[in-house]
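Biologist: Could you walk me through reading this structure? I would like the general idea each time, and then the case at hand.

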Amino acid sequence: MSVVVGLIPEFEGWKRRFPPGTEGSLVLPCLRRIQEARGFVADEDIAALTEYLGVPRMQIEQVLSYYSQYRREPIGRWHLQVCHNVSCSMRGAERALDHLRSRLGIEPGQTTPDGRYTLSTVECLGSCGTAPVVMVNDSYHESMTRSKLDRLLDELT
Amino acid sequence: MSGAPLIMDFAVTPESHRLAAYRARGGYQTLAKALAMGPQDITREVGDSGLLGHGGAAFPVGRKWSVIKLHDGQPHYLCANADEGEPGTFKDRWILENAPHRLLESMLIAAYALQVRHCFVYIRGEFDLPYQRLQDAVEEAYEAGLFGTGILGSEFACDIVIYRGAGSYVCGEASGLITSIEGKKGYPRNRPPRLTVKGLYQLPTVINNVESLANIAGIVRDGAKAYRAIGTSRSPGTQLVSISGHIARPGVYELAYGTPLMPFLFETCGGMVGGKRLKGLIPGGISTKVLTAPDLEGVTYDHASLLAAGSSLGSGGMIAIAEGTCMVRLLQVMLRFWHHESCGQCTPCREGMGWMHRIIDRIVAGKGQAGDLERLIAIANANDGTTICGMGDAAGYATIGFLDKFRDEFEHYLAHGRSLCDGVLDVTGGWDA
């Protein structure tokens, strides 16, 4: 069942601050909220959102495939995203990634068999002055070292 | 720091981002002053100040605003670009986290000057704390009657939406940003028409960088003359510089334009980690051309001086590279990024970024082919001016910059199948600390 129905009162509240007649603009924020509620965006959510916003289904499908943060499949409880862009690589990001590969036994893009951890690489998070950064779900963990990363992993159960 | 700080002019505490603290620093008094002025007088003051765009292109803010026709009978929009995604740049994040009300007050003043009923802040989807701080500030401001209708007892009405992106570098480009706010994939648009003529929802729209906007309240409060007293004649004011890489004291610093660069790097920021020599400096985000230490002699931090040195000030995101760093592998990281972020709309960029990425990958793997360096340059040049937005052009310039300044390293890698610097990117040893 779609999670959209339960979220409609919230979506209606958002509309009040948008210019009238711009419902299409709600595609991105609604998808984010749906993903927060379910963990990913399911087929039935797309159908329900298409109906609610009155936009073409294709527009929603395009948004889902264009932006890197949307997910169409469930992932692990802890999503570890390692920035490997320039400034982070210059401060040890490649070693952080190798460390996570060996501790978790998975490659970027994979989830541990117990469903606990998903590992990803990500491009610049705007945390260059406190590099390297590992994003865990929504939070930044900055100025990472081997020992800080080990302590962090121990807390993520 | 030389010159008066304009943005980082208060001590950051756990409460300093809140409305009460901002009011205690004189916050929202300039809004009251602005509402007593004519909208055109505000635009004139901003124009007279010489304020340049702080997001990368350095377009004069007043000139952009002056395209908006007041009383043309159609809605206008104002968007703050908080999609800070140029690698090496994290200065707007400082404003969003520490001075959200300065941005909001400035946006209210700009909205009044441009007769805007609905404003947007487009903030990148990964920014969580900056979003929370900004959204909290918006709610505080609504409760205090600073947004909505009848603002400060006037007839001025304004609403604001904090619009979160969802992971796309190209949405930091103004027309891509607009397409994204319209709820679509963030494809940039051909110009003309300019966005100030047909922008968001096909209506006149001003898009300014967060830091550009954050300066508005100060300019209206103190006047254009006071702003021009800081910086240089061609680059008035200050720039928030975010510096990272192998620098000893990374972070955000506010520099008056015209500040000598080498003393900033080696005194203010403590030089390179471990006292190493400076090998190169990317002065304004990775899309700007890398400079070597000799290039930087006598350079001051302003648009003209960096242009004369062969690069540009860009988005204020400096990356300092110390001796011992493999420039071939560093370019590999950059090309992987551009390939990942090309939106796919224009053929030269979509295909070119992929080709360049594959070529650098095979060079790094020791399987480079004769002519690969010339191939990289040819593909970079093929992007120049052939795409809708500037991403592919900039990627090309930056690639040519690396090949130009560090040619011997690239030739050595190609000839011998291995790095002159053992492929090292991190020379700091910080990971094991």
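Modeller: We will go through the chain interface, the nonpolar cores and the domains. This is a predicted model, where local features need pLDDT of at least 70, side-chain atom pairs count only at pLDDT 80 or more, and totals for chains, interfaces and linings use all residues. Residues are numbered from 1 along each chain as its sequence is written, with chains lettered from A and ligands numbered from 1 in the order in which they are written.

Biologist: How many residues of chain A are in contact with chain B?

Modeller: Two residues are in contact if their C-beta atoms, placed from the backbone, lie within 7 Å. Here 43 residues of chain A meet 51 residues of chain B. On the chain A side, 19 are nonpolar (Ala, Val, Leu, Ile, Met, Phe, Trp, Tyr, Cys and Pro), 8 charged (Asp, Glu, Lys and Arg) and 16 polar (the others, Gly among them).

Biologist: Which residues touch the most other members of the largest nonpolar core?

Modeller: In soluble globular proteins, nonpolar side chains tend to be buried together. A core is a set of buried Ala, Val, Leu, Ile, Met, Phe, Trp, Tyr and Cys residues joined through C-beta atoms within 7 Å, buried meaning 20 or more other C-beta atoms within 10 Å of a residue's own. The largest core has 136 residues, and those touching the most other members include B:Leu78, B:Met107 and B:Ala320. Among the partners of B:Met107 are B:Cys119 and B:Ile160. A second, separate core of 23 residues includes A:Tyr117 and A:Met135.

Biologist: Where do the domains of chain B lie?

Modeller: By an automatic or database domain assignment, they are domain 1 (19-228), domain 2 (238-322) and domain 3 (327-416).

Terms used. A residue is buried if 20 or more other C-beta atoms lie within 10 Å of its own, exposed if 12 or fewer, and partly exposed in between; C-beta atoms are placed from the backbone. Lists of a residue's contacts leave out its neighbours within four places in sequence.
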